[in-house]
Amino acid sequence: MRSSRPWSRREVLVAAAATAASAALPGWARAASGAPPALLIRDVRVVDGTGAPALAADVLVRGERIERIGRIAAGAVRGARIVEGGGRVLAPGFIDLHVHGDPLTQSYVSHLAMGATTVVLGQDGGSPGPDDDATAGIGAWFEALERTLPDINVATTSGHGSLRRQAGIDDATRVPSAAQVARMAALLQADLAAGAFGMSTGLEYVPGIYTSPGELAPLAGVLARHDAVAMSHMRSEDEDKVDAAILEHVAASRPARTHVSHLKVVHGKGAERAERTLAGLDRLRRSGVPLTADAYPYIASYTTIGILFPEWALPPTDYAQVVAARRDELRAWLEQRMLRRGGPDALLFGTGEHAGKTLAQVTQADGRAWPDLLLALGPQGGQAAHFVMDQALQARILVDPHVAIASDGSPKGRHPRGHGTFATWIEEFVVNQGRVSLEEAVRKATRLPASILKLKDRGTIRAGAIADLVLFDPARVRGRADYVNPFALAEGFDLVLLSGQPAYENGEPTGRHGRLVRRA
């Protein structure tokens with residue numbers, strides 16, 4: 001039975017005394033046979049990911065899996081390494097459903113430091129790997145990743161925009177031919193067979209912005225046959241359009257399972273506005289639509305400044321020609337769009353020469369009016385944090401039981417979500433505000449995302465499950481990253497195990513033990 005009671009302040013502080021006395025965890029040299037030794041984690045509060053009340057127990061890990069949960073004498077497991085939990089929480093490693101970056105070239109220590117053990121790539125319509133090789137697809141990228149040995153577990157979806165390009169469809173094409181759509185379906189079939197967990201769309205970006213629901217319907221049929229999930233950065237997240245965008249996504253995904261990426265209501269205000277959208281999602285579920293979502297605990301999104309521009313000014317259109325022919329019209333559009341999104345103080349550049357400055361600050365130093373500066377930068381002029389969300393509204397979305405916690409972050413993105421999402425979720429919503437119980441907070445970061453992916457051996461602590469685990473004291477968890485210093489690592493997660501082996505320990509990475517996670 002799921003506990004609905006938030007942990008009291010006393011309960012989340014109970015492990016602090018033991019933490020202060022605990023020494024560094026023991027070394028992790030492999031046994032002479034090359035196999036990792038058994039690991040006994042003693043005296044922990046097991047929050048198993050199901051939402052059930054925490055259980056005081058010991059946990060024995062042998063090889064890559066959990067062998068036993070209960071009271072286990074230290075001498076009962078010969079040769080085991082022992083970690084004294086001291087009353088700290090042991091939870092499944094967090095599963096981040098929406099992540100960017102490239103594990104072939106980047107480290108995900110930022111995710112390990114906030115308790116995440118699995119990241120899901122292939123988001124917003126973009127598959128990992130090149131879009132210009134129609135013969136490669138995700139399978140070739142999988143092979144390269146397995147040779148590289150990532151430092152975190154990696155799963156992926158297949159990106160619709162990448163499928164489009166691999167099928168030879170020009171970005172400006174509004175209606176692909178039947179043969180082209182069939183080619184996309186075949187490529188998706190191959191990606192799913194290789195181990196992708198579903199397909200993502202980016203309908204607010206090129207080329208997804210040019211896509212009709214009719215183009216997506218045959219792909220949804222492929223997803224349904226594989227029981228794979230249809231994820232989407234939807235057509236719009238604006239207050240007056242988001243509910244229609246959800247309906248479009250659901251219709252285009254049928255009969256496949258439907259998932260809304262980084263659910264938000266841009267420009268909306270108050271928890272009551274969140275209730276309207278969440279009630280709509282509930283009505284769809286009651287009508288038989290398998291529908292989930294994810295969100296992150298910040299009020300700024302992070303994407304290219306191209307989101308400010310109208311479709312007729314986006315690639316592959318010649319931007320110089322657009323400015324020459326329709327400059328005044330485009331300037332007026334940008335001014336109206338930016339004012340509705342909070343004005344020039346609500347945009348913080350994350351890349352390029354203006355990184356770390358707001359549009360207002362850049363304008364003051366540059367001397368040009370901010371609409372003219374945006375005109376000069378163009379839709380490909382960089383990425384930025386966009387402060388377009390309401391705190392009360394987004395907090396209500398976050399605590400909904402069907403909304404998983406996901407970062408939409410990356411190791412290099414200049415937004416604190418890439419380094420702080422899961423720490424901030426626990427610090428603010430469990431410890432500081434008591435809006436959810438620790439058990440529910442962990443469920444929304446573990447079993448819920450695992451169920452969305454249909455992962456059967458991750459996301460819960462039980463005998464036989466893969467030992468992706470995180471040991472922490474909730475009272476010490478801190479999301480240190482902010483918009484000024486977005487790369488500060490989270491604190492409070494003392495030990496992170498990947499398949500039974502330590503990947504992050506006492507504030508330091510300890511080895512590359514990540515794996516490619518394929519859909520069964």
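A search of the whole structure turns up eight aromatic pairs, where rings of Phe, Tyr and Trp (its six-membered ring) pair if their centres lie within 6.5 Å, with planes under 30 degrees apart called stacked, over 60 edge-to-face and the rest tilted. One of them is the tilted pair of W425 and F429, at 5.0 Å centre to centre and 35° between the planes.

Before going on, note that this is a predicted model, in which local features need pLDDT of at least 70 and side-chain atom pairs count only at pLDDT 80 or more, while totals for chains, interfaces and linings use all residues. Residues are numbered from 1 along each chain as its sequence is written, and side-chain values use heavy atoms, with hydrogens and water left out.

W425 and F429 both sit in helix α14, four residues apart, or about one turn of the helix. Helices (H or I, at least four residues) and strands (E, at least two) are DSSP runs, numbered from the N terminus. W425 is buried, with a relative accessible area of 1%, and F429 is buried too, at 4%. Buried means under 20% relative accessible area, exposed over 50%, and partly exposed in between (1.4 Å probe, protein chains only). Ring pairs also link F94, F422, F472 and F493 into a cluster.

Which residues touch the most other members of the largest nonpolar core? They are L263, I426, F472 and F493, in a core of 84 residues. A nonpolar core here is a set of buried Ala, Val, Leu, Ile, Met, Phe, Trp, Tyr and Cys residues joined through side-chain atoms within 4.5 Å. Helix α14 (residues 417-432) gives this core its largest share, seven residues. Take I426: leaving aside neighbours within four places in sequence, I426 is in contact (heavy atoms within 4.5 Å) with F94, V431, L438, F472, V477 and F493. There's also a second, separate core of 22 residues, which includes I209, Y210, L308 and A384.

Two arginines meet rings. R326 lies over the face of W312, 3.7 Å from the ring centre, and the charged end of R417 sits over the ring of Y296, 4.9 Å from its centre. To count, CZ of Arg or NZ of Lys must be within 6 Å of the ring centre and within 35 degrees of the ring normal.

Most residues other than glycine have a negative phi, and most peptide bonds are trans. Here are some exceptions:

| Site | Feature | Value |
|---|---|---|
| V206 and P207 | cis peptide bond | omega about 0° |
| P315 and P316 | cis peptide bond | omega about 10° |
| H267 | positive phi | near 75° |
| S499 | positive phi | near 50° |

P207 lies in the loop between β10 (198-202) and α7 (213-225), and P316 in the loop between β14 (300-304) and α10 (319-340). H267 is in the loop between β12 (257-260) and α9 (270-286), and counts as buried at 18% relative accessibility. S499 has its place in the loop between β19 (493-498) and β20 (501-505); at 3%, S499 counts as buried.

Stepping back, the protein chain has 16 helices and 21 strands. Its C-alpha trace spans about 80 × 50 × 45 Å along the principal axes. Of its 520 residues, 59% count as buried.
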